[in-house]
Amino acid sequence: MNRSFRAAAVVVAIACAIVAGCESRSTAPTSSKPIEIKQVTITGASTLAPLLSEIAKRFEKENPSIRIDVQTGGSSRGVSDTRSGLVDIGMVSRDLKSDEGDLQRFKIARDGVCLIVHKDNPVPSLSREQIVSIYTGGIRNWKDVGGVDSPITVVNKAEGRSTLEVFTGHFKIDSRKIHADVVIGDNEQGVKTVAGNPLAIGYVSIGTAEYDRESGIPIRLLPLEGIEASVKNVANGTFPMSRTLHLVTKSEPQGAVKEVVEFATSPKVHDLVRGLSFVPIE
């Protein structure tokens with residue numbers, strides 16, 4: 001074999017070895033495993049749902065292995081779903097009742113409940129007695145409280161909604177005696193109903209109402225007992241119809257659920273709480 005032929009053979013052998021090595025490396029199985037996604041489910045108060053949705057977005061950016069599913073349905077659903085184990089966390093937009101002491105509770109924010117009317121309604125305020133009479137059927141026309149000569153459209157919350165419980169508790173009204181023309185579920189539905197009807201009156205979360213009013217929705221927040229309905233007055237404790245917003249779990253939270261609860265109740269989300277017109281728990 002001449003010298004040039006032997007050199008060519010060596011070159012070919014080296015090339016084959018290199019190709020074989022590359023193929024071996026490219027087809028070798030990888031040792032890394034796919035990220036396991038953990039799901040945390042939350043149901044309950046519609047008042048809290050927009051805030052928890054924003055908190056969930058921020059949390060998931062920092063924790064890509066955890067996904068949070070937020071659904072509404074009212075505080076009663078949040079309690080029952082949590083107790084039954086259907087969800088990991090419940091949202092409750094009121095103080096917890098004495099028979100709910102089996103649940104772990106975590107304060108997330110404060111809010112108030114206020115009466116709202118259409119922005120074109122000329123009635124500046126209503127007394128406690130007038131509000132009770134409107135909702136129990138004693139006063140049926142706006143002219144009887146200084147407004148136009150037209151019937152009042154009474155908007156009420158559905159059973160199981162904590163805003164109803166806060167409202168009836170404050171005014172000491174039996175919910176069975178309320179004369180409602182429209183029954184609504186969440187706060188946004190209440191705002192839309194009143195904004196679309198100049199003769200309507202309803203009650204919703206102050207946080208929701210203030211946020212929507214500042215967004216241009218035509219509603220007006222009525223003062224209560226001479227106190228302006230505002231997040232500021234909820235924060236300073238002067239507004240008379242306020243509440244604490246909670247997250248609840250069936251037992252002491254562990255793992256991903258614990259991470260979500262700790263994040264949602266931490267100063268890391270206070271800007272989101274304020275941004276949705278609620279008062280942070282400092």
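**Thr82 and helix H3**

I placed Thr82 in helix H3, residues 75-84. Helices here are DSSP runs of H or I with at least four residues, strands are E runs of at least two, and both are numbered from the N terminus. This is a predicted model: local features need pLDDT of at least 70, side-chain atom pairs count only at pLDDT 80 or more, and totals for chains, interfaces and linings use all residues. Residues are numbered from 1 along each chain as its sequence is written, and side-chain values use heavy atoms, with hydrogens and water left out.

Is Thr82 buried or exposed? I found Thr82 buried, at a relative accessible area of 1%. Buried means under 20% (1.4 Å probe, protein chains only). The side chain of Thr82 reaches the backbone nitrogen of Gly90 at 3.1 Å. I then listed contacts, meaning heavy atoms within 4.5 Å. Leaving out residues up to four places away in sequence, Thr82 touches Arg77, Val87, Ile89, Gly90, Leu103, Val248, Thr249 and Lys250.

**Helix H4**

Which residues of H4 (128-135) are buried? They are Ile131, Ser133, Ile134 and Tyr135. Their cover includes strands E4 (104-118), E5 (153-157) and E7 (200-205), and helix H5 (162-171). Gly137 follows H4, with a positive phi near 90°.

**Cores**

I checked nonpolar cores: buried Ala, Val, Leu, Ile, Met, Phe, Trp, Tyr and Cys residues joined through side-chain atoms within 4.5 Å. The largest has 42 residues, and Leu115, Tyr135, Phe167, Ile201 and Met241 touch the most other members. E4 gives the most to this core, five residues. A second, separate core of 30 residues includes Ile55, Ile66, Leu247 and Ala264.

Note on methods
Buried means under 20% relative accessible area, exposed over 50%, partly exposed in between (1.4 Å probe, protein chains only). A polar contact is a pair of N or O atoms within 3.5 Å; within protein, one must be able to donate a hydrogen and the other to accept it, and residues adjacent in sequence count only if both atoms are side-chain atoms.
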